[in-house]
Amino acid sequence: MKHWGGTPPVSWGKSTMSKLRNYTIAAALVAISIPHASHAIECGEPYTVVRGDSLSAIAARAYASASQYQILYSANADTIGPNPAFITVGMQLEIPCLQTRASTAPTDTVLRENDPQPEPTGERPILFVTATGWTPYTNEDQAQGGMLIEVVNAAMARLPEQQAYRIDFINDWGAHHEPLLSSTMYDFSIAWIQPDCSNADLQGNALFRCEKLAYSEPLFQEVANFYVNASAGVPASHSELVGKRLCRIDGWGEAVNLSLAGISMDMVEVSEPEPTPQACFEKVAAGEYDFLSFPVSTAGPVLAELGLEAEVVANDNLTVVTAIGAVTWHEHPRRDELLAMLNEGVKALKESGEWFQIVKRHLQEHRAQQSG
């Protein structure tokens, strides 16, 4: 789904959504499950874009590698336009054969994964990317797309000079940093937990976030905790998590929450990430992992959904408070300008009292849904 900004709508109704469904978001490495994804695409023949397609998904079927999406963009730039993040249903794409292309095209015509993308003709809108499913913060099915999306919309509306902008839902958090931000296809991603970047012992994902991302002023502050199997004993201190098996969630911020608790990722046992929070809660309950890190406000609904409230628990004294902000790439050529703009809008929103009203309403609705 795509939200065109500038003067944000009051709400995103189903009619608005249906009008935009035929516009396919094509993020570079977005993994989208589509019925025909297992069928190979022959090179050398035109391909017609259908609903659910992305350049990366087409590249995976044509070349057995999603990262080859840049070859498709290079071959079809005139058709796609200046932003390779979007293709439309019915668009005819050339699928070049790699051997033929290598012998006939100059090597500098093929965009590499981290190359800057072509700038559009004229001034393009400021592009925000987010993903759905993080209730109550970002969710396509919620009013305004979730709390943080409404905060950004309202902040942009508070600017003294209105800016053209757009918010897109691309449901692969892992692709937001690289390549969507690193290539400047997008200017901001909403939203990410900020590590304690003053900690000299940061490693892995937390260190990456400090070195590669620049954060806006907090859009919200989240309380997270560490959930364990009740029968195994609830930790009395963060130090009791050292050496334990952490269940990671794909695209989540476990490293950041651990760093705020004074623990680095090399102090716990980690494995390949699980696809969903539900999978982690179930595997902690089954004893396959010792603990997971998760926001307090959203743990309740997940545990209730799974019927695991008594089996997976946390010590409320071990919560960590995290700042959640929009992020831009640290080396974005307009980084300082963009951050100053968004921060100005957020500051004005908070000073007016509207920020509090937005947050209060979303949290109340969320709690009502939990209790209902």
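A: A pair of aromatic rings is described by the distance of the centres and the angle of the planes. Rings of Phe, Tyr and Trp (its six-membered ring) pair if their centres lie within 6.5 Å; planes under 30 degrees apart count as stacked, over 60 as edge-to-face and the rest as tilted. By this rule the count here comes to 10 aromatic pairs. The model is a predicted one, in which local features need pLDDT of at least 70 and side-chain atom pairs count only at pLDDT 80 or more, whereas totals for chains, interfaces and linings use all residues. Residues are numbered from 1 along each chain as its sequence is written, and side-chain values use heavy atoms, with hydrogens and water left out.

Q: Why is the pair of Phe128 and Phe188 classed as it is?

A: The ring centres of Phe128 and Phe188 are 5.0 Å apart and their planes meet at 15 degrees, so the pair is stacked. Phe128 belongs to strand β6 (residues 126–130) and Phe188 to strand β8 (residues 188–193), so the pair ties together parts that are 60 residues apart in sequence. Strands (E, at least two residues) and helices (H or I, at least four) are DSSP runs, numbered from the N terminus.

Q: Are Phe128 and Phe188 buried or exposed?

A: Buried means under 20% relative accessible area, exposed over 50%, partly exposed in between (1.4 Å probe, protein chains only). Phe128 and Phe188 are both buried.

Q: What geometry do the rings of Phe281 and Phe294 show?

A: Their centres lie 5.3 Å apart and their planes are at 85 degrees, so this pair is edge-to-face. The pair links distant parts of the chain, with Phe281 in helix α9 (residues 277–285) and Phe294 in strand β11 (residues 291–295), 13 residues apart. Phe281 is buried, at a relative accessible area of 0%, and Phe294 also counts as buried, at 3%.

Q: Which residues do ring pairs link into a cluster?

A: The cluster consists of Trp134, Tyr137, Trp173, Trp192 and Phe220.

Q: Which residue lies over the face of Trp355?

A: A charge sits over a ring if NZ of Lys or CZ of Arg is within 6 Å of the ring centre and within 35 degrees of the ring normal. Lys350 lies over the face of Trp355, 5.2 Å from the ring centre.

Q: How many helices and strands does the protein have, and what share of its residues is buried?

A: The protein has 12 helices and 13 strands, and buried residues make up 51% of its 372 residues.
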